[in-house]
Amino acid sequence: MKKEDKIAIAAIPIVILIALGLAWAGSQQSASFAGFPLFGMAVVLAFAINWLAFIPAFIFQSEKFYDLIGSFSYISIIILLFILSPIKDVRTVIATILVLIWAGRLGTFLVRRIRKAGKDGRFDELKPHFFRYWNAWNLQGLWVSFTSAAAWIILTSQRKVGFDIFAVIGILIWLLGFIFEVTADLQKSKFKADPANKGKFINVGLWAKSRHPNYFGEITIWLGMAVLAVPVFQSWQWIGLISPIFVAILLTRISGVPILEKRADEKWGGQTDYEEYKKNTPVLIPKL
């Protein structure tokens, strides 16, 4: 057995234990359905959906619906929690709508991208290996759970708070992040669609202010959701603050910025204009 397979096998119980810890913490003061905490139910469903999707994905060696399943997990779980939530106040409605807008937009964008590309190179080395590929789906379940934690707590917490200053600030922060992310994605798509830009790196629009403005927008979105959730947190439910922290760590230290920066350096490193752009443009937080 190869080293990579051993690492994948060892990682599976760790991921599941982390998920169980999140489920336990978020379930404190959570409303229940049929005697089961709604928050814990959401975590279980996030993994169940991805495990079921993994079966045909492995059999047919396809990654084309990986991102689609991620978006489906967000959308289906938030709708279910809204339906089962015993009290549907303004904050609950707002959180549900914001998650649906974000997941629907991102899912559509990612599915279109993979259809255009024909494949997702991230999975080339994983698909032939059962445990490595399964681990990718496990991690998506964990991603959905950690990212949604604050929103899920809003819907499942037994404590309900009326529309207040936290709601106003949270919505404004969320809108800032959403506008930033959508604008950055649209600008990059338009840039890449222009034949004159073939082989060039993007350094216009928001990309002139940040090397990864879409990731800045993504982190800001979940920061806004966490602020929206603050008034309803009780006891261990403060684990919901992990949402924007997890997204920030994921994008800046693991799967986002490091990979793209490495690819960019390999492609344009040494070019005067690229080195100048890299020197004068922040990695994440836009310069004013």
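The structure is a predicted model in which local features need pLDDT of at least 70 and side-chain atom pairs count only at pLDDT 80 or more, whereas totals for chains, interfaces and linings use all residues. Residues are numbered from 1 along each chain as its sequence is written, and side-chain values use heavy atoms, with hydrogens and water left out.

The chain contains ten helices and two strands, where helices (H or I, at least four residues) and strands (E, at least two) are DSSP runs numbered from the N terminus. In sequence order, these elements give the pattern α-β-β-α-α-α-α-α-α-α-α-α. The C-alpha trace spans about 60 × 50 × 30 Å along its principal axes.

Of the 288 residues, 48% are buried, that is, under 20% relative accessible area, with exposed meaning over 50% and partly exposed in between (1.4 Å probe, protein chains only). Among contacts (heavy atoms within 4.5 Å) between residues at least 6 apart in sequence, 79% join residues at least 24 apart.

One cavity of 30 Å³ or more was counted. On a 1 Å grid over the protein atoms alone, a cavity is a set of points where a 1.4 Å probe fits but cannot get out, and lining residues have an atom within 4 Å of a point. Grid points are joined across faces, edges and corners, and a volume is the space filled by probe spheres set on the points. The largest cavity holds about 40 Å³ of space. Helix 3 (66–84), helix 4 (90–117) and helix 5 (130–156) each supply at least two residues of its lining, which includes Asp-67, Tyr-74, Trp-102 and Trp-143. By class, the lining has six nonpolar, three polar and one charged residues; Ala, Val, Leu, Ile, Met, Phe, Trp, Tyr, Cys and Pro count as nonpolar, Asp, Glu, Lys and Arg as charged, and the others, Gly among them, as polar.

Ile-202 lies in the loop between helix 6 (165–193) and helix 7 (213–229). Ile-202 is buried, with a relative accessible area of 10%. Leaving aside neighbours within four places in sequence, Ile-202 is in contact with Gln-187, Lys-188, Phe-191, Trp-207 and Tyr-277.

How values were computed: 1 Å grid on protein atoms, 1.4 Å probe; cavity = no way out; pocket = protein on both sides within 12 Å on 5 of 7 lines; lining within 4 Å.
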